[in-house]
Amino acid sequence: MAAGALTTFGPAVPGDAARARALRLLLIAPVVVLIVVFLVLPYLNIVVMSIRVPSTRAPYAPGFTPDNYLRALTDSLYLGALARSLAIGAATAFFCLVLGYPVAYHLARTNARFKGLLFAAVLSPLLVGVVIRSYGWIIILANNGIINQTLRGLGWIDSPVRLMYNEFGVMLALVHVFLPFMILPLTGAIQSIDPNLEAAARSLGAPRWRVFTRIVLPLSMPGIQSGTILVFVLAVSAYVTPMLLGGGNVQTMATLVVQQLVDAFLWPVGAALALILSLAGACSVAIYARLTARTMRRLGP
Amino acid sequence: MKALVEVIRDPLRFGFGAVVIAVYVFLLLPIAIVVLASLNAGEYLTFPPQGISLRWYGSFFSSQPFMDAFKLSLQVAATSMVCAAALGTSAALYYVRFARGGKEALRFMVLAPLLLPEILTAIALLFFYYQIGLGTRTLVGLQIGHVLITLPFVFLSVCSALYNINPSLEEAARSLGAGSWTVFRRITLPLIKPGVITGAMFAFIISFDLFSISLLLKGIGTTTLPIQLFDYLRWDYDPTAAAVSTVSIVMTLCVVLITDRLVGLRAVRF
């Protein structure tokens, strides 16, 4: 098969081998050029930008300095935002896991005729832009939103309950935005568990919760791990939702970075902050992957 | 009825079912609310709604900034779709059929825009464009950013299509004397068409909704629909925003339905 694949677009005449190879490289060359020029170089450039001297008149002044990092790592505003970003990321991943697991289990095991429709329901939020989904939550949670109007209509409250412009609103919307990213890998992991294992344990007299904690949960650990990492990474760098539902009251690292770039026009500071956020996120993921790998070995089949 | 009694008698199962239904409601609720709000006749978002009206759609279609942003988003998304489809398909073809050394590195490279945080990529491009003198005065930079982000979707979907076709079909064509281009046009392309179309559909939708890249790379005075909506929502929650949202939800739905008619969405596999 490999040899067959090789000859598929191969030379019609043996002497054409070099020309055929050149033609094949033409298939991949545009993409490689695009990625190297517009992804690899720009990312390397961020590192350089983060040690440049900030300036209010131009994007940066001549010379290099470590000050951007020093300032970011000693200022309690930035450190607080970093801690908040990581905490929001971890909490979002946790709540997505708790809410997503039952749905993923149901989706993986159901034989319902409308299974396709259920899949569509899980996927559909992904096809609606994040601004629109956050707006949906604004309508529900705002001071004169649906919940507050209903409560006032019922005469239960006089002044509106504050449901957004705080961490609660941001968290709720983030969990909603990223839930599909948890459900999909979990469903895949649970689907690959042989249902006969559960049936066997049940027939040997294990109660349902025990079947879950001893069989389903350990065997779905790979899905749990990839789902939580994915949601954590996405939530840590989320910008739109904290901005719209936090309304400036919830400063995360991502909102601070954009503020430095767009409003304050301090590009080197923004670059340093963005890199610190990415590094902190990557370290957290690495530690977490270590810990879960150990748990997986311990629980392993 | 018997099943219902059974379910109620088993509290664990009952609780499980209730949680599953609640999560589905949670997933769909905000989207349904946006659609309902756009049809509300009242000045403000009231609940229950004060009658049904299309006035907010009128206000959307007569708003110059929203219409300009809508047109720009369609244009950018269509361009991204075409570019990503061409580049992603050729990259997938090379990756599946010819790549030998460094196959994993190549895959990682093409998927990198998907794995890196979008906001970081946006920042990287903003700095880079400024330094190479491209700037953000034209839409070229914004468009390149959109192609970068949408490329992996076409690549993944075409790769899985390529893995699922039988290479002996191509071999047979070759042995009967067809040249490389003929084999591609007459055999490979028709067979991977569902993968290409599905990937292109995703590219269109993702590009249409892309936020961070557009936020940082938009030129002065030009803006895409998600950004325009975002700016509007920072000051005003009136149902015009709901009408704008509903139009883009319906448009996405149309793209999905057209794709389903063309190739059948069961072909979606990443």
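Predicted model: local features only at pLDDT ≥ 70, side-chain atom pairs only at ≥ 80, totals over all residues.
Beyond its sequence neighbours up to four places away, Phe178(A) touches Thr92(A), Cys96(A), Val231(A), Leu234(A) and Ala235(A).

Phe178(A) is among the residues with the most contacts inside the largest nonpolar core, together with Ile138(A), Leu174(A), Leu273(A), Ile123(B) and Ala203(B). This core comprises 163 residues. Colour helix H4 of chain B, residues 64–98: this helix supplies the largest share of the core, 17 residues. Domain 1 (2–38) and domain 2 (64–267) of chain B each contribute at least three residues to this core.

Now display helix H4 of chain A (residues 76–109) alongside helix H2 of chain B (residues 11–38). Their axes lie 9 Å apart, and the packing angle is about 105°. An angle from 65 to 115 degrees counts as roughly perpendicular, and H4(A) and H2(B) are therefore roughly perpendicular to each other. To inspect the contact itself, select Leu99(A), Pro102(A), Val103(A) and His106(A) on H4(A), which meet Phe16(B), Val19(B), Val20(B) and Val23(B) on H2(B). By class, this contact consists of seven nonpolar residues and one polar residue, with no charged residues.

The domain assignment gives domain 1 as 2–38 and domain 2 as 64–267. Taken over C-alpha atoms, the centres of these two domains of chain B are separated by 34 Å. Where they meet, five residues of domain 1 are in contact with six residues of domain 2. On the domain 1 side, the touching residues are four nonpolar and one polar, with none charged.

How values were computed. Residues numbered from 1 in each chain as written. Chains lettered and ligands numbered in written order. Core = buried A, V, L, I, M, F, W, Y, C linked by C-beta atoms within 7 Å. Buried ≥ 20, exposed ≤ 12 C-beta atoms within 10 Å, placed from the backbone. Helix = DSSP H or I, 4+ residues; strand = E, 2+ residues; numbered from the N terminus. Domains from an automatic or database assignment. Contact = placed C-beta atoms within 7 Å. Axes fitted to C-alpha atoms, helices over the stretch in contact; angles between N-to-C directions. Parallel < 35°, antiparallel > 145°, perpendicular 65-115°, else oblique. Nonpolar A, V, L, I, M, F, W, Y, C, P; charged D, E, K, R; others polar.
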